Amino acid sequence: SGNWSALILLGDTLLEHIEGNLFWSRLGSLMIRVVQQRWNLINIFMENYFKPYTVFMVNFLEWLAEDVEENFGTITESLRNADSVGFFWIYWGWFEQKVTSYFACSNVGTEESLASLYYYAISLVGYFEPSFKLFGPQSLCNLLDFCEEENGNYAKLREMLETSKAKEAILEVYTHVLRIKQATICSNTHVLNTYWTYVLF
């Protein structure tokens, strides 16, 4: 459903902008922020996860070394009495219900569903690797200089996007993908449960 000649023109325009000084100047500023966020993420991980886990493991090994045979027996008995499979399916059921209802089985429109998936993916991946936040809407509009509607570049790019029908083409592809997901998942709410039961047990 896209306009191929207009898509080529849009691509050439974006490429020309990427080759300009403004793009790289703004990219440098954004990358400085990304590096700062990455270091903050490392510090958070070290302070809140690595350091406490290391202390826990040292204490655990010291406790285990006090009486290896007896303490191993205690661990084995606690694992035997724990309903680990039940806990797994409780959390997996919650995860399955949330993901399938939000991205595949909800009643929201295709455009809203795609936007939700895009924001969710950028937020999730960006949490582990901040450089992916450059693909967020605010960063992209800043890099491509079309954040402000009064800017002439905004009107130019918007017209190109509308003429190329890139949005319509993306929504058309996603609609087919969504229909397959809905037919596979929504018709059988326990399809993932069945699959993992087969794989794990």
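In this predicted model, Phe23 touches His17, Ile18, Leu143 and Leu144 once residues up to four places away in sequence are set aside. Phe23 also belongs to the largest nonpolar core, a set of seven residues that it forms with Leu27, Leu30, Val34, Leu134, Leu143 and Leu144. Helix α2, which runs over residues 21-66, gives the most to this core, with four residues. In soluble globular proteins, nonpolar side chains tend to be buried together.

One of the contacts of Phe23, His17, is also among the buried residues of helix α1, the others being Ala6, Leu10 and Thr13. Seen down the axis of α1, these buried residues fall within an arc of 65 degrees, so they line one face of the helix. The face turned away from that buried side carries Trp4, Ser5 and Glu16, which are exposed, while the cover over the buried residues of α1 includes α2, α6 and α7. The 15 residues of α1 should span 21 Å at 1.5 Å a residue, and the end C-alpha atoms are 21 Å apart, which agrees with that expectation.

| Helix | Residues |
|---|---|
| α1 | residues 4-18 |
| α2 | residues 21-66 |
| α3 | residues 68-81 |
| α6 | residues 137-143 |
| α7 | residues 152-164 |

Leaving out residues up to four places away in sequence, Asn71 touches Trp63, Leu64 and Glu66.

Notes: Residues are numbered from 1 along each chain as its sequence is written. This is a predicted model: local features need pLDDT of at least 70, side-chain atom pairs count only at pLDDT 80 or more; totals for chains, interfaces and linings use all residues. Side-chain values use heavy atoms; hydrogens and water are left out. Helices (H or I, at least four residues) and strands (E, at least two) are DSSP runs, numbered from the N terminus. Contact means heavy atoms within 4.5 Å. A nonpolar core is a set of buried Ala, Val, Leu, Ile, Met, Phe, Trp, Tyr and Cys residues joined through side-chain atoms within 4.5 Å. Buried means under 20% relative accessible area, exposed over 50%, partly exposed in between (1.4 Å probe, protein chains only). The expected span of a helix is 1.5 Å times one less than its number of residues. The arc is that of the directions from the helix axis to the C-beta atoms.
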